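Notebook open. Today I am looking up aromatic rings and nonpolar cores.

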Amino acid sequence: METRLHPRFENDPAARIAEDALRACVHCGFCNATCPTYQEQGDELDGPRGRIYQIKEVLESGEANATTRTHLDRCLTCLNCMTTCPSGVDYNHLVAVGREVVERDLDRPWRERLLRGLLARALPARWPFRLALGLGRLARPALPARLKRRVPPRQATETVPRPANGAAGPGFQHGRVLLLGGCVHDAIDARINAALRHLLARRGVEVVETGAARCCGAVEHHLAFEERTRARVRANLDAWEPVLERGVDAVVSTASGCGVLLRDYGHILADDPTYAERAARLAARVRDPVELFDAESIRELGIRAPADHPPVAWHAPCTLQHGQALPGRVEPLLQAAGFNLVPVIEPHLCCGSAGTYSILQPEMAGRLRQRKLDNLEAAGPARIVTANIGCQTHLQSGTDTPVEHWLTLLERHCPATPAGA
Ligand code: SF4
Ligand code: SF4
């Protein structure tokens, strides 16, 4: 699309990136076919092509308006449109620029400002979330069923054995990974990180932790607090430096949503002369846990589903299949362990979780969750497995079918001694 930036953006590097993305779009509309909000609303302004036009108008006129903000708020940033787009339009960075400009130029109503500000502070700080969750768990028995599902029960981590690092059997990989603890992960379900630690230790891989700097910055980024996101990325790089200097083979998060932002560190600090190179180096080492295992390693670990294990349904988070471009990677691992997967239609569609989206856009998030659960549960699986704590919590709040991370499912069926050891 022919684009002329307003003079106020002429020296703005982020707007230049947006301009490249706008120029790449040929306005074909293929992306609308896979956009969840377009599918639900049937409104051009709630599809990627319409949003791209609205961002173009803002960048050309130099003026943001509340209508554009509404339609950008309704975008899940699921990046389904990027997977579909034949022209390679960089919607991810384009929508981030659009949101940053809209946020800078327009004041939100005070209630929205308050909620967004609270989320941006409380989630990365961890203790307010842990406190709220703890109180919710205390009140859980007295809550009606609908609310009860929204408060995840405490998960017992002692069922996950934790052998010392390096307890590998023959043929297992060695190396060192930096594990990002995450801001809310362990409070919601500490079994997930524990399962990864255990499985990697069984392969002789040393796991080092990120210490107190556990939040990747995705919460602030989703809320368009871009300066705060950049500050957090710089602080993380400083905090992780001693470990990175010792050499790590991979930087890993068990939440695929965090993985997307970690991979984007180089882009986020591309204009920072002090941090750009370090950020790019870290981003190049980011791996999702699914990249640390293959079908052979699952067999070597001796992971085996019981013969009578009922079928499971796999939900691929958008952040794994679109954001990190790793579709179809978990299923072979589950199948190698003998799990029977049910067929699921519309696997490309978002479940409605999308970071803080389910809190800020509850109506649309609820509709998408129901659509996703109808598809996941159509063949009657005994449990649903996924790869992102946000999807896990959001889906679980709408169903009694257990929802868990694929790592905890595999780890539960991992024997104490590796096969052939
Ligand atoms: S599919 Fe790509 S090129 Fe076509 S309208 Fe969507 S973003 Fe633009
Ligand atoms: S990121 Fe998702 S919700 Fe947003 S425009 Fe693209 S497909 Fe639609």
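This is a predicted model: local features need pLDDT of at least 70, side-chain atom pairs count only at pLDDT 80 or more; totals for chains, interfaces and linings use all residues.

Are Phe293 and Trp406 buried or exposed? I looked up both, and both are buried.

Next I searched the whole structure for aromatic pairs and got 2. In one, the ring centres of Trp240 and Tyr265 are 6.4 Å apart with the planes at 10°, so I logged the pair as stacked. Trp240 sits in helix α13 (residues 226-246) and Tyr265 in helix α15 (residues 265-268), so this pair ties together parts 25 residues apart in sequence. I checked burial here too: Trp240 and Tyr265 are buried.

Then back to Phe293 and Trp406. Their ring centres are 6.3 Å apart and the planes stand at 90°; I logged that pair as edge-to-face, because over 60 degrees counts as such. Phe293 is in the loop between β4 (286-287) and α17 (295-300), while Trp406 is in helix α23 (residues 406-412), so I have a link between distant parts of the chain, 113 residues apart.

I also looked for a charge over a ring. Arg228 lies over the face of Phe225, 4.4 Å from the ring centre.

Last entry, the cores. The largest nonpolar core has 72 residues, and the ones with the most contacts inside it are Trp240, Tyr265, Leu282, Phe293, Leu334, Trp406 and Leu410. A second, separate core has 26 residues, including Ile52, Val58, Ala64 and Leu79.

Note on methods
Residues are numbered from 1 along each chain as its sequence is written. Chains are lettered from A and ligands numbered from 1 in the order in which they are written. Side-chain values use heavy atoms; hydrogens and water are left out. Rings of Phe, Tyr and Trp (its six-membered ring) pair if their centres lie within 6.5 Å; planes under 30 degrees apart count as stacked, over 60 as edge-to-face and the rest as tilted. Helices (H or I, at least four residues) and strands (E, at least two) are DSSP runs, numbered from the N terminus. Buried means under 20% relative accessible area, exposed over 50%, partly exposed in between (1.4 Å probe, protein chains only). A charge sits over a ring if NZ of Lys or CZ of Arg is within 6 Å of the ring centre and within 35 degrees of the ring normal. A nonpolar core is a set of buried Ala, Val, Leu, Ile, Met, Phe, Trp, Tyr and Cys residues joined through side-chain atoms within 4.5 Å.
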